[in-house]
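Work through these exercises with the model open. Try each task before reading its solution.

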Amino acid sequence: MQEQVYEVQNICHRESVERRISMQTRIIQFMLYVAVLVFTFLGSMWGALMLAPSLGTLFFAWYFMGVARMSYEYRLDGYTFSVIRHSGMRSRPKHEDFLTLDLHELIVIGEEGDPRLDEAERVSAAASPRRITYNVSAHDPSRTAFIAYAKGMGAEQGRYIKAYMQPSSRLLAYFKMLCPGKVMGDDQ
């Protein structure tokens with residue numbers, strides 16, 4: 001029995017979830033590239049006068065898409081689950097420790113819309129101080145979204161945490177192993 005507990009506490013798992021870029025962001029990107037083409041065309045007629053707007057919109061389009069591309073890295077180290085957000089341009093990526101949960105304080109994890117989550121939703125929504133909600137999912141409607149309810153740690157001590165995420169079935173299996181009876185759904 002002691003060996004099993006030791007192995008469970010030493011579980012380490014990492015996975016990345018690429019956030020889907022929305023259609024609105026794609027439209028803005030397209031319009032920025034059209035503006036670059038228009039300013040470049042006008043620059044061919046008026047010379048250096050249009051060079052600044054052309055280069056400015058090109059740089060802004062590059063910067064905008066660098067910020068719009070975002071991924072989340074789910075890390076499970078023993079009973080600590082953390083999410084790191086990666087965003088920014090490839091030459092200067094930004095990494096931010098976004099969410100950390102102690103799985104000893106986990107209330108429940110389940111598929112979005114599962115009626116077994118209603119009690120945790122009611123309690124956390126009525127809590128004072130107000131709960132903190134994170135959406136660290138891929139924003140992909142074709143993948144199953146899960147909601148995790150837990151008590152906060154660190155700066156969020158005393159608050160409830162509600163986190164939307166889209167973990168793999170392997171990560172869910174680790175959650176089930178570490179927190180028996182608190183993980184609902186994905187019974188494959």
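**Exercise 1.** Is Phe81 buried or exposed?

*Solution.* The model is predicted: local features need pLDDT of at least 70, side-chain atom pairs count only at pLDDT 80 or more, and totals for chains, interfaces and linings use all residues. Residues are numbered from 1 along each chain as its sequence is written, and side-chain values use heavy atoms, leaving out hydrogens and water. Take the relative accessible area of Phe81: 1%. Now apply the cut-offs: buried is under 20%, exposed is over 50%, partly exposed is in between (1.4 Å probe, protein chains only). Phe81 is therefore buried.

**Exercise 2.** Find how many aromatic pairs the whole structure holds, then describe the one formed by Tyr72 and Phe98.

*Solution.* Rings of Phe, Tyr and Trp (its six-membered ring) pair if their centres lie within 6.5 Å; planes under 30 degrees apart are stacked, over 60 edge-to-face, the rest tilted. The search gives four pairs. Tyr72 and Phe98 are tilted, at 6.2 Å centre to centre and 40 degrees between the planes. Tyr72 is in strand β2 (residues 70-77) and Phe98 in strand β4 (residues 92-102), so the pair ties together parts 26 residues apart in sequence. Strands are DSSP runs of E, at least two residues, numbered from the N terminus. Tyr72 is buried, at 2% relative accessibility.

**Exercise 3.** Which geometry do Tyr74 and Phe81 show?

*Solution.* The centres are 5.8 Å apart and the planes 55 degrees, so by the cut-offs the pair is tilted. Tyr74 is buried, with a relative accessible area of 0%.

**Exercise 4.** Which residues form one aromatic cluster?

*Solution.* Tyr72, Phe98 and Tyr134 do.

Technical notes
Helices (H or I, at least four residues) and strands (E, at least two) are DSSP runs, numbered from the N terminus.
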